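Hi,

Here is the structure I said I would pass on.

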Amino acid sequence: MDRPYVPPASNPGGRGFSGEVSPRVFDIMSRTKGWVRFIAVMLWVNVVVAIINVIVTLSSARLPNGDAQKVGQVVGIAIALLFYIYPAVKLNSYARRIGVLLQSGRAGDLEAALNEHRAFWRFVGIVTLVFIGIFVVAMVVGVAGAVLSSRS
Amino acid sequence: MADNPYEAPSANLSGNETFGVESGGVTQGVVDQLRRTKGWTRFIGVLFIILGVVLFFLAIFGGSFISTMSRSTRGLGAFLGIILVIYGVMGVLNLVIGFKLGGFSSAVQRLMHSGQERDLEDALDRQRSFWVFGGVMMLIFLIIAIVAIIAGVVTQF
């Protein structure tokens, strides 16, 4: 390094060159990983409980309102399962990508981790929007039904 | 920019779309991912704040309603009081979650404008804080559920 004309050299294994995350980012992400993993595991536990619920419902004796109630319950639980599985997968991937980032320290891996994080929030946002839409439609139908029944 | 390959490199001080300099992990891709997350977290955060305010006011106005109840309905009032306290606690929790998500979105907004390493760290720290809060809440609810199940089983015998 004493010679001023030393050619520039890449630093593939080292830290501190452009494209690597800072030690503080490294620390923050390492402290995020455990909690994200925990929440993902809890979501998977919910999925397993819902599956057990489906099995119990299917194997149970006839319900008071017949098979229609049983089918309704199973369909309801299956839909709820879908809402749990995707976020659980995405949070699990987020935690796994953070693990890769902690191994490499590369900004590219931070980007990959944040991509999973973004996918999780996009799903939550879209599902929330759908539920708000259903709620508004139900409100409008309910009010319209009440108005029509009061006129007749 | 690409028309002249011999053009001198330049810093992107406004930093909205592209980043000429990468430092501490502040790359174009990282900022882009956070930018695309920001809208959804802002949306969910606002919903949590609205829900929190509604629950909080429900608890307050419900409490004032109970205080006007006659002596004959005091038993029902105590039951409603417990429910309203739960509403109040849920309202505060919703507000905390909403403000945490809002803080993350605002930090990403600052990062988009500055491209500074400290703003990236701030944004990531805020999302860490959200996950820690969510995890602790989940742990508390899990413990309450386990205690309730044990209490239910014990009272059966």
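To start with the part I kept coming back to: is the crossing of H1(A) and H3(B) left-handed or right-handed? It is left-handed, meaning that the near helix is turned anticlockwise from the far one by less than a right angle (clockwise would be right-handed).

Before the rest, some housekeeping. This is a predicted model, where local features need pLDDT of at least 70 and side-chain atom pairs count only at pLDDT 80 or more, while totals for chains, interfaces and linings use all residues. Residues are numbered from 1 along each chain as its sequence is written, and chains are lettered from A and ligands numbered from 1 in the order in which they are written.

**Where the chains meet**

Back to that pair of helices. The axes of H1(A) and H3(B) come within 9 Å and cross at roughly 30 degrees; axes here are lines fitted to C-alpha atoms, for helices over the stretch in contact, with angles from 0 to 180 degrees between N-to-C directions. H1(A) and H3(B) therefore count as roughly parallel (under 35 degrees is roughly parallel, over 145 roughly antiparallel, 65 to 115 roughly perpendicular, and the rest oblique). Helices are DSSP runs of H or I with at least four residues, strands are runs of E with at least two, and both are numbered from the N terminus.

On the H1(A) side, the residues that meet H3(B) include Val25(A), Ile28(A), Met29(A), Trp35(A) and Ile39(A). Among their partners in H3(B) are Leu120(B), Leu124(B), Asp125(B), Arg128(B) and Trp131(B). By class, this contact has 13 nonpolar, three polar and five charged residues. For the classes, Ala, Val, Leu, Ile, Met, Phe, Trp, Tyr, Cys and Pro are nonpolar, Asp, Glu, Lys and Arg are charged, and the others, Gly among them, are polar.

Taking the chains as a whole, 27 residues of chain B are in contact with 28 residues of chain A, where contact means C-beta atoms, placed from the backbone, within 7 Å. On the chain B side, the elements giving two or more residues are helix H1 (28-67) and helix H3 (117-156). That side of chain B divides into 11 nonpolar, 10 polar and six charged residues.

**Chain A**

H1(A) covers residues 23-59, and its 37 residues reach 54 Å from first C-alpha to last, close to the 54 Å expected at 1.5 Å a residue (the expected span is 1.5 Å times one less than the number of residues). Its buried residues include Val25(A), Lys33(A), Trp35(A), Ala40(A) and Leu43(A). Buried means 20 or more other C-beta atoms within 10 Å of the residue's own, exposed means 12 or fewer, and partly exposed is in between, again with C-beta atoms placed from the backbone. The cover over the buried residues of H1(A) includes H2 and H3 of chain A together with H3 of chain B.

H1(A) and H2(A) have axes that come within 8 Å and cross at roughly 160 degrees, so this pair is roughly antiparallel. Their crossing is left-handed, and the contact divides into 26 nonpolar, eight polar and three charged residues.

Next along is H2(A), with 38 residues reaching 55 Å, close to the 56 Å expected. Lys90(A), Tyr94(A) and Arg97(A) are among its buried residues, which pack against H1 and H3 of chain A. Just after H2(A), Gly105(A) takes a positive phi of about 75 degrees.

H2(A) and H3(A) pack at an angle of about 165 degrees with their axes 8 Å apart, and are therefore roughly antiparallel as well. H2(A) passes H3(A) in a left-handed crossing. Phe83(A), Tyr86(A) and Leu101(A) are among the H2(A) residues making the contact, with Phe120(A) and Phe123(A) among those from H3(A).

**Chain B**

Chain B has three helices and zero strands. Buried residues make up 27% of its 157 residues. Of the contacts in chain B with a separation of 6 or more, 69% are between residues 24 or more positions apart.

H3(B) has 40 residues and reaches 58 Å, close to the 58 Å expected. Its buried residues include Asp119(B), Asp125(B), Phe130(B) and Trp131(B). Ile143(B) also lies in this helix, but counts as exposed because it has 10 C-beta neighbours inside 10 Å. Ile143(B) and Asp125(B) are 18 residues apart in sequence and 27 Å apart in space, C-alpha to C-alpha.

Cheers

Key:
Contact = placed C-beta atoms within 7 Å.
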